[in-house]
Amino acid sequence: MNSGLAVSARNIRHQFADFIALQDVSFEVPRGQTMALLGHNGAGKSTLIKIMLGLIKPSAGEVRVLEQNLFGLAKRADLKIGYLPENVSFYDKLTGKEILSYFAALKGVTSTRVKQLLQEFGLEYAQDRALKTYSKGMKQRLGFAQAILSDPELLLLDEPTVGLDPVASKFLYGKIAELKQQGCGVIVCTHELSLIENNIDIGLILAKGQVLAQGSLADLRNGSGLKTRLTSPQLKDAIVQRPELAAWYQDDALLLDTQSKTQVLKLLTQECQVFDFSLQQPALTEIYHFYMGRCAQVEEVS
Ligand SMILES: Nc1ncnc2c1ncn2[C@@H]1O[C@H](COP(=O)(O)OP(=O)(O)OP(=O)(O)O)[C@@H](O)[C@H]1O
């Protein structure tokens, strides 16, 4: 398996006329990892994706994709990059098989691979039907099959699960996990935070073209200071037994930060013999809203 970086971006800045769309954006995506690219509408996510695809040259900064400087490359098409755009649209009079075969020919991929993907993605039965007869989910699966036709080493996915039912979304993230195993770096741009939460290694949160926060889910969680909720049917009895627990008690739960977690768990299990409890860490949605809220507050003050 290839080690190293799928993408490395340093101090990216991009300007459209006098509008600054990206400012001082730096991040790295190792091969075999998935990064969620998050941000409100207009944050600069698509601009960043276009830069990684080599479609836009940044006004300043350096971006390396699969260890290559995109803008110095003679044949960019040789890089194994897969891309699923938002609202994928193909010529709808062609059949699913014709569309995949067309992209396969462009990428030098065999018809055996096309056949295999149609089968894997459950589209074999509809392969000879015109695309206009496909459901949204079928089109999305075809788009995803197109993106991974040539076994990409970097996969860029813009809103891959929009319009997909839970089974189809699970299937898609299963495929992403397989590609990661093979060393592919994956970047997913999405607003569906609860879906992506268990499928990412790192997150990059953008606001108005700038990085608000980045790191692993644990880093983002710790950086937010949001607390873990511990609930138990025996909580009130435990507080009677050890009144110091009341210091963490709020809304029928103990609210714990990283430091207090070990101490409280010890108190509960060893001193109060409470083993029936559940821990709920802050979800990615809460973490995201925390950083967005903090950014809005800073803007109000300045
Ligand atoms: N070609 C362009 N010319 C001028 N401004 C542009 C151009 N492309 C994008 N922008 C502006 O740059 C900003 C970032 O746009 P971008 O499409 O990257 O955001 P985004 O995070 O992908 O948003 P969304 O979630 O809505 O897709 C927006 O304010 C947008 O209007």
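Me: How are axes and angles between helices defined here?

Reply: Axes are lines fitted to C-alpha atoms, for helices over the stretch in contact, and angles run from 0 to 180 degrees between N-to-C directions. Keep in mind that this is a predicted model. Take helix α2, residues 96-107, and helix α3, residues 111-120. Their axes come within 10 Å and cross at roughly 135 degrees.

Me: Which word describes α2 relative to α3?

Reply: Angles over 145 degrees count as roughly antiparallel, and 65 to 115 as roughly perpendicular. The crossing angle is roughly 135 degrees, which makes α2 oblique to α3. The crossing is right-handed.

Me: Which residues make that contact?

Reply: From α2 come Gly96, Lys97, Leu100, Ser101 and Ala104. From α3 come Ser111, Arg113, Val114, Leu117 and Leu118. By class, the contact of α2 with α3 has five nonpolar, three polar and two charged residues.

Me: At what angle do α2 and α4 cross?

Reply: Helix α4 spans residues 136-147. The axes of α2 and α4 come within 10 Å and cross at roughly 20 degrees. Angles under 35 degrees count as roughly parallel, so α2 is roughly parallel to α4. This crossing is right-handed.

Me: What builds the contact of α2 with α4?

Reply: α2 supplies Gly96, Ile99, Leu100 and Phe103. α4 supplies Leu142, Ala145 and Gln146. The classes are five nonpolar, two polar and no charged residues.

Me: Now the ligand. Which residues are around the ligand?

Reply: The shell holds Phe16, Phe19, Ala21, Gly39, Asn41, Gly42, Ala43, Gly44, Lys45, Ser46 and Thr47. Two elements give two or more residues each: β2 (19-30) and α1 (45-52). The largest share, three residues, comes from α1.

Me: How do the residues of that shell divide by class?

Reply: Gly counts as polar in this scheme. The shell around the ligand has four nonpolar residues, six polar and one charged.

Me: What does Leu220 touch, not counting residues up to four places away in sequence?

Reply: Leu220 touches Gly203, Ala213, Gly215 and Ile287.

Me: How far apart are Leu220 and Leu164?

Reply: Read sequence and space separately. Leu220 and Leu164 are 56 residues apart in sequence. In space they are 27 Å apart, C-alpha to C-alpha.

How values were computed: Residues numbered from 1 in each chain as written. Predicted model: local features only at pLDDT ≥ 70, side-chain atom pairs only at ≥ 80, totals over all residues. Helix = DSSP H or I, 4+ residues; strand = E, 2+ residues; numbered from the N terminus. Left-handed = near helix turned anticlockwise from the far one by under 90°. Contact = placed C-beta atoms within 7 Å. Near = placed C-beta within 6 Å.
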